[in-house]
Amino acid sequence: GWAFAIWGPIYLGETAFIATQLLSSHADAVIPGMTAPFVAANLMQSLWCASFRPSYLGDGMKKYISAGMLAGTAYSLSLVLEAGNAAAAANPAFHAWMLTPFVIHFGWVSAATLVNLNGSMASESTSSPRALTALGHSSALAATALGVGVTVAMSAPVYGMTLAWALAACADGMK
């Protein structure tokens, strides 16, 4: 539903960042540090697409591969943000707001990792409703702690807002 509307700003923003490179040299300082982790994030997200298939969602550990790919995507995007923040601090001409679409992407896949993990555990035939409820509450607490921690540590309030968006979408979807 409405939760996935977030992909519009992510892709438009990342495209605008690329266009900015063509029009200005302000991004020159950040590109070398951001390139490898951004390529890794896209590779991991592509692997997530491949692993989020019925053949991988069967019994056993295979169903956790997609959550691992999303975790790898989130980690790679955290490195993109780290490189961008360092460049913004070193080069005042580089505007930190240019990192916003990457921060949203990072926040969204962080939440998606938890959702995928919950879905994988829910598909276990041995999972009790009580255990799944505890897992859901634990995941909401983990998302909150992650949101606050990353927001403060990386000076990225958009990250926390993105996780709040995702939690609101989960709550709305459970009604």
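Reader: Before we start, what should I know about the numbering and the model?

Author: Residues are numbered from 1 along each chain as its sequence is written. The model is predicted, so local features need pLDDT of at least 70, side-chain atom pairs count only at pLDDT 80 or more, totals for chains, interfaces and linings use all residues, and side-chain values use heavy atoms, with hydrogens and water left out.

Reader: How do you know how many helices and strands the protein chain has?

Author: Helices are DSSP runs of H or I with at least four residues, strands are runs of E with at least two, and both are numbered from the N terminus. By that count the protein chain has 6 helices and 0 strands, in the order α-α-α-α-α-α from the N terminus on.

Reader: Why is the protein chain called as compact as a globular protein of its length?

Author: The radius of gyration is taken over C-alpha atoms, and the globule rule is 2.2 Å times the number of residues to the power 0.38. For 175 residues the rule gives 16 Å, and the protein chain has 17 Å, which is close, so the chain is as compact as a globular protein of that length. Along its principal axes, the C-alpha trace spans about 55 × 30 × 25 Å.

Reader: What makes phenylalanine 17 count as buried?

Author: Buried means under 20% relative accessible area, exposed means over 50%, and partly exposed is in between (1.4 Å probe, protein chains only). Phenylalanine 17, in helix α1 (residues 7-23), has 5% relative accessibility, so it counts as buried. In the whole protein chain, buried residues make up 38% of the 175 residues.

Reader: Why is lysine 62 put in another class, partly exposed?

Author: Lysine 62 has 41% relative accessibility, so it counts as partly exposed. You will find lysine 62 in the loop between α2 (31-51) and α3 (65-90).

Reader: And what makes serine 155 exposed?

Author: Its relative accessible area is 62%, so serine 155 is exposed. Serine 155 sits in the loop between α5 (129-153) and α6 (157-173).

Reader: What is the phi of serine 155?

Author: Serine 155 has a positive phi of about 50 degrees, although it is not a glycine. Most residues other than glycine have a negative phi.

Reader: Why is helix α4 described as largely enclosed?

Author: Of the 23 residues of α4, 17 are buried, so the helix is largely enclosed by the rest of the structure.

Reader: How do you know what span to expect for α4?

Author: The expected span of a helix is 1.5 Å times one less than its number of residues. Helix α4 (residues 100-122) reaches 33 Å from its first C-alpha to its last, close to the 33 Å expected.

Reader: Which residues does asparagine 116 touch?

Author: Contact means heavy atoms within 4.5 Å. Leaving aside residues up to four places away in sequence, asparagine 116 touches Trp48, Phe52, Ser66, Ala67 and Leu70. Asparagine 116 belongs to helix α4 and is buried, with a relative accessible area of 11%.
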